[in-house]
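Here are some notes for a colleague who has not looked at this structure before. They are meant to be read beside the sequence and the model.

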Amino acid sequence: MGPSYWWMLLGMALVTYIPRMIPLTVLDGKELPPVVQGVLRNIPYAVLGALIFPAILFVQEGNILFGVLGAGAAFLIAFLGGGVMSVVLGTIAVLAVYSLFV
Amino acid sequence: MKHNQFSAGLKAGTSIAIGYFPVALTFGLLAKTAGLSIIEATAMSIFVYAGAAQYISLSLITSGVDPLLIVMNTFIVNIRHFLMTASLNEKMQPARKWVKAIYAFGITDESFSMLATGKKGKISTAFAFGVTLIAYGSWVVFTAIGHIIGANLPLFLQAAMSIALYAMFIGLLVPSMKGNRKVVMLAAVAAAIHCILYFTGALSTGWSILVATLASSIVVEMVYARRGKSAAAMYAREEEA
């Protein structure tokens, strides 16, 4: 990573800090309209959907099966109630076995 | 008195610090596989301190997305903190603005939940400092340790590791999807929009994620707002009858 990384980091730090700080200092007690609050609350879930698909299918170039298998394993472990760490490690284990034997 | 409040905060924050341990460790590990040096990875945890946004930036960095777009995505993902600090403001003990501006940096999904739901009555400034400080320390330290572990990972695991980031996203998303159709819709609609934009080549990855996220959040909210209204109208009719 070059100097552009550090500019990016500065930008990320600012846009993360500002929304944390403004309501506690500048706004001090003013409320947002409920619709805006609703939309803001939705964002974390929506962004996860967009991040997972379709990128997960292409984690290994030219081998979609690898991604499909990984996605399947991750969803299965998560649905069975595994925590974030067990989903990550379990999926890696499945794919490690796959890349050792296939 | 102040000292007691601070240590009570540290104690309460320990559960967050323990929860951050695997997530920060994984972030350090993935940052290594994304090509960040230990300084770069740890600096991100020090200065940005936002789990989801940091993970997202890794996936965008590996896709070669324009840094400016990564900053914009970070902003979109993190404006939710605006809501949290806005609602927290009423629960906090009055304090000077610059003091509030310092602990504001430590407000995350987890520390917010703890402060907002944890105690009855006003929360003291010292308590807030205790909670946020120990959680932040854990996040930074375990990022660095994760990076060191990542550097010593056996080679055959490297291919399998490429999935880790996405497995992590799935591990975060699925528990919220259970029994919550709105969350399922939000994720599915955003994924569908992103897929369309991706396969038609209409937008670059960074823009596409930005557009898909905002469009899904707004559309699903509108659908639910309308449903809420029609449901209310239905109840009203039932009462009349």
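**Notes on chains A and B**

1. Helix H1 of chain A, which covers residues 3-27, contains Thr16(A). The model is a predicted one, and the values below are computed from it.

2. Is Thr16(A) buried or exposed? Its relative accessible area is 0%. Buried means under 20%, so Thr16(A) counts as buried.

3. The side chain of Thr16(A) has a polar atom 2.7 Å from the backbone oxygen of Met12(A).

4. Which residues does Thr16(A) touch, once neighbours within four places in sequence are set aside? The contacts are with chain B: Val48(B), Ala50(B), Thr74(B) and Asn78(B).

5. Chain A is assigned two stretches, domain 1 at 1-30 and domain 2 at 32-101. Taken over C-alpha atoms, the centres of domain 1 of chain A and domain 2 of chain A are 27 Å apart.

6. Turning to chain B, its secondary structure consists of twelve helices, with zero strands. Read from the N terminus, the order of elements is α-α-α-α-α-α-α-α-α-α-α-α.

7. How far does the C-alpha trace of chain B span along its principal axes? The spans are about 70 × 60 × 30 Å. Chain B has 241 residues, and 49% of them are buried.

8. Contacts in chain B can be sorted by separation along the sequence. Taking those between residues at least 6 apart, 79% link residues at least 24 apart.

9. One such region to inspect is around Ala144(B), a residue of helix H8 (residues 125-151) in chain B. With residues up to four places away in sequence not counted, Ala144(B) touches Ile38(B) and Thr42(B). The C-alpha atom of Ala144(B) is also 9.8 Å from that of Glu40(B), although 104 residues separate the two along the chain.

10. The accessible surface of chain B is about 11100 Å², and carbon and sulfur atoms account for 69% of that surface.

11. How many positive and negative side chains does chain B have? There are 18 positive and 9 negative ones, and 9 Å separates the centres of the two sets.

Terms used. Residues numbered from 1 in each chain as written. Chains lettered and ligands numbered in written order. Predicted model: local features only at pLDDT ≥ 70, side-chain atom pairs only at ≥ 80, totals over all residues. Heavy atoms only, no water. Helix = DSSP H or I, 4+ residues; strand = E, 2+ residues; numbered from the N terminus. Contact = heavy atoms within 4.5 Å. Domains from an automatic or database assignment. Buried < 20%, exposed > 50% of the residue type's maximum accessible area, 1.4 Å probe, protein only. Areas by Shrake-Rupley, 256 points an atom, 1.4 Å probe, with all protein chains shown as cover. Lys, Arg positive; Asp, Glu negative; His and termini not counted. Charge placed at Lys NZ, Arg CZ, Asp CG, Glu CD. Polar contact = N/O pair within 3.5 Å; in protein donor to acceptor, adjacent residues only side chain to side chain.
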